Amino acid sequence: MDPHPASLLPLPSATFYILMALAAEDRHGYAIIQDIEQRTNGALRLSAGTLYRSIQRMLEQGLLVETNDRPAPEFDDERRRYYRITPFGAAVARAEAARLNDLVRMARASGFAPEKA
Amino acid sequence: MRLYRLLLHLYPASFRNEYAEEMCGVFARRLRDTSVPALPALWTGVFFEVLFNSLAVHADILRQDLRYTARALRRTPGFAVTAVLVVALGIGANTAAFSLADQALLRPLPFPDPGRLVRIWETESGYGEMEPSPANYRDWKAMSHSFSAMGYYTNSALNLVGKGEPERIQIAMFDKDLLPALEVQPLFGRIFSPADDRDGAPGTVLLSYGLWQRQFGGDRGILGRQLLLNGERFTVIGVMPRDFYFPSRDTQLWTAFRLKADGYADRNDNWIYPIARLRAGVTVAQASSEMAVVSAQLERQYPQENQKIGARVVRMGEDVSPQSRLLLYALVAAAACVLLIACTNLANLLLVRALMREKELAVRTAIGAGRERLVRQLTTESLVLALAGGALGVLVATVTVPLLSRLVPNSLPVGQASAFDWRVLLFAAALTALTGVCFGVAPAWRICRHADLTALREGARAGSGKKEVLRSALVVAEVAASVVLLVSTGLLLRALWKLQGNDPGFRTEGVLTLRTALPSPKYDSTASRTAFLNRVLGEVRQLPGVTGAAYISFLPMAMGGGIWPVEVGEHVVERSAAHTASMRFVTPGFFAALRIPIETGRDVEENDTLGRQYVAVVSRSFASRYWPRQDPLGRHFKMAFQDRTVVGVVGDIRVRGMERESEPQVYFPYRQVEDASFQFYQPKDLVIRAAGNSAGLLPQVYRIIRSADSEQPISDVRTLADIVESSTASRAVEVRILAAFAAVAFLLAAIGIHGVLAFVVSSRSREIGVRMALGAQRGAIVGAVLLRGALLAAAGAIPGVAVAWFSGKSMEALLAGIKPYDAATFLAATGLCLLMTLLGCVLPAWRAARVDPITAMRNE
């Protein structure tokens, strides 16, 4: 039922970051923001609006699901919703990474990027 | 924190319900992490962030809804096409009607501060409004203080000899104060100065933009050039702006008035049109009461001439005739009726659709779609339909408006009625939005209130009783509105037929007419005119097929005025409608050419000349007014300064057209006129009766006139039948439009009835199946469906007839004597309503009769 992963490319950067934040484990909204902030060394701090707008769209596109598996009670907060990446979401993220990789390779061939990152 | 929650209201409710808590949590942490000095920056950032993201979410939802709508409409193309067409008809009709009414009734006049411009009419008991005489005008102007400026004009026509063919053009004569009162400046050049406007001053002329472009190629060097008008030289002093159309759309140029010194002599010589500008702060009512005082003073001063003479101040632009005003109101009302029917019909269609989708909507609610989300979705759908319909409707209107422009009175100082500007588009857009919301939101709310789990129960009957009441009410309203339209159209149609069936008093078949207005001073002498007319008539009568030809001052219906007071024996000279008649000069043979019967006595003759007794031929009504049951021949009466003897009586004709009653007619011989007098009444309209194709004679007639005078222009070439027809043309156009509206309404109402019944039948097929299984006859089932249709129709027809009666009452002035409760019309309309019901019932009834009990029950 899901469309082909390539049809969603290129991904908006917020979407790609959220997918990466959820790659390893299910997270709630604030944890996603924190994760992205750490990954980018504080360069990118998503606002609540951007985060939830992206999440809403990603839910509709089938990249994420809301999960009912709660973490251990001592870490849990009733109010929070947890999100999990779907296999389709993972496929889309891989496709996006491949696309970026190709792009970097081309940039390198043109002398725009260092030979080894 | 509360401020943040408030900001979140910019998001759609569905999004807020879902994420507001989480977002507040995130924001609370951020707030905690921010130091006090950084707070203003944080809030500014948050404000713009919420603004941007909420718009983005709205856009996301819109995109999603549009996608969903497109899919839903693709699934039911029949519905989509019907809905769009219905909206297009409704909006098209209203846009067209609005653009006309806007031109004629709403739009301010194209002059600076138009609210202060007024016309001043002379009034006389029993006469209504008429133009004042220059003498009265001069006194009004001197004695009143309500006006900051006052000027006057009159209409005329001139022969222009320019390049190529000599041309007959419509002009107006302005006095020096008129353009300053209107506050209009020429495009270039100057306006008339006091020196231009004096008796005996050399001729000066302002050109219209159109004439300047057409005749002189828009050459700016035109200033100072001389034109030959009626044989006199006029100097061009300026060109008026492109949008200056005054006093009418056909006016091509303006000359200075140059009122003759003796123009003030006769207080009853009513012929000028004054325009005045109210002083700032003075109301029309104040000006009127001042003018009443002034008139009373003048009446004391001139008890004979100004007896019962008053003055009326009317805001300019408000003097669109009551009849054309009423016609336009009728048009707008009819268009509104069509839109109302279209909207109810669509609401009904959408309701049916929504009911069919009840299960789907219930499922969506069950999986968490908020009610607000569903309403929004359904509203988007109806707005998309309305938008498509509106666009198509504007297209319909663009096509129809030029056809309707004949309804805009020619007397308005506005340009072509094709103006399709932002006002009209704005109106159409507003109407579209309103339509979309009206027919979309109501059903959406209704559905969502009911979109609960009951709909999910297997075999639940779609459309509970309550909803059917609503839908039936909508259909009843449609039927009522279409009955109103049918009756109104019927009444106007009957009035039109009645008018067109009136006997004009003459026979039109095979009569060709044209005008050769002989210019002054070239043809001031009666002898020179007689020579021209006789030469033309003599040669025209020789043409093959011609059975009669004659000249008259003005053709009947083409010109209704030329009314003079009549004095007979002991009758005192009292100017009142009861003692006036229309006056014409004719050549011998006029009555024969128009087949107006000569009842007693004789026609005018060639030897009725100036040296002999003044004679007259009068109409039957004239004779019986003054000499009832007596022989009118040889009687005397006084009219137009002479004592005249009746030598013949002819049948009455409708000088004022088919719509109005006409004054009795009086005809004088064309030779009994002193040189340079009655210029206005000189015979200028040629009538030619011919067997066969009279239009084929035209080239020969042109050649004859050219050879008589090569500079003489020929204008107004028409058949007499055209003239008679155009006297009812605007009414005929109006009736045709109304008939089209009524037909649309009729169709829509039939669709509405069909929709309700079809739905009832399909949603009850199980019940019908059970009843059939239990032995019900097919006839009884069909009867039940028909009964339901008949009930709907009757419920709509009864209030419809009542409203139609009121609308007929309010149109009574247009009905030419047809009674607003005309039985034939009401019967016909009700009959059509019955037909409409039957049409609506046929398919559902047939379907009900074909319900197969076994299938119907197995579907469970």
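Mentor: In α3(B), the residues Val50(B), Asn53(B), Ser54(B) and Val57(B) are buried. This is a predicted model, in which local features need pLDDT of at least 70, side-chain atom pairs count only at pLDDT 80 or more, and totals for chains, interfaces and linings use all residues. Residues are numbered from 1 along each chain as its sequence is written, and chains are lettered from A in the order in which they are written.

Trainee: What makes a residue such as Val50(B) count as buried?

Mentor: A residue is buried if 20 or more other C-beta atoms, placed from the backbone, lie within 10 Å of its own. What covers the buried residues of α3(B) includes α3 (48-61) of chain A, together with α1 (2-7) and α2 of chain B.

Trainee: Why are α2(A) and α2(B) called oblique to each other?

Mentor: Their axes, which are lines fitted to C-alpha atoms over the stretch in contact, come within 9 Å and cross at roughly 45°. Angles under 35 degrees count as roughly parallel, over 145 as roughly antiparallel, 65 to 115 as roughly perpendicular and the rest as oblique, and α2(A) and α2(B) are therefore oblique.

Trainee: Which residues of α2(A) and α2(B) meet?

Mentor: Gly29(A), Tyr30(A) and Ile33(A) meet Glu22(B), Gly25(B), Val26(B) and Arg29(B), where contact requires C-beta atoms, placed from the backbone, within 7 Å.

Trainee: How do you know that α3(B) reaches close to its expected span?

Mentor: The expected span is 1.5 Å times one less than the number of residues; α3(B), with 37 residues, reaches 53 Å from its first C-alpha to its last, close to the expected 54 Å.

Definitions and conventions:
Axes are lines fitted to C-alpha atoms, for helices over the stretch in contact, and angles run from 0 to 180 degrees between N-to-C directions. Helices (H or I, at least four residues) and strands (E, at least two) are DSSP runs, numbered from the N terminus. Two residues are in contact if their C-beta atoms, placed from the backbone, lie within 7 Å. A residue is buried if 20 or more other C-beta atoms lie within 10 Å of its own, exposed if 12 or fewer, and partly exposed in between; C-beta atoms are placed from the backbone.
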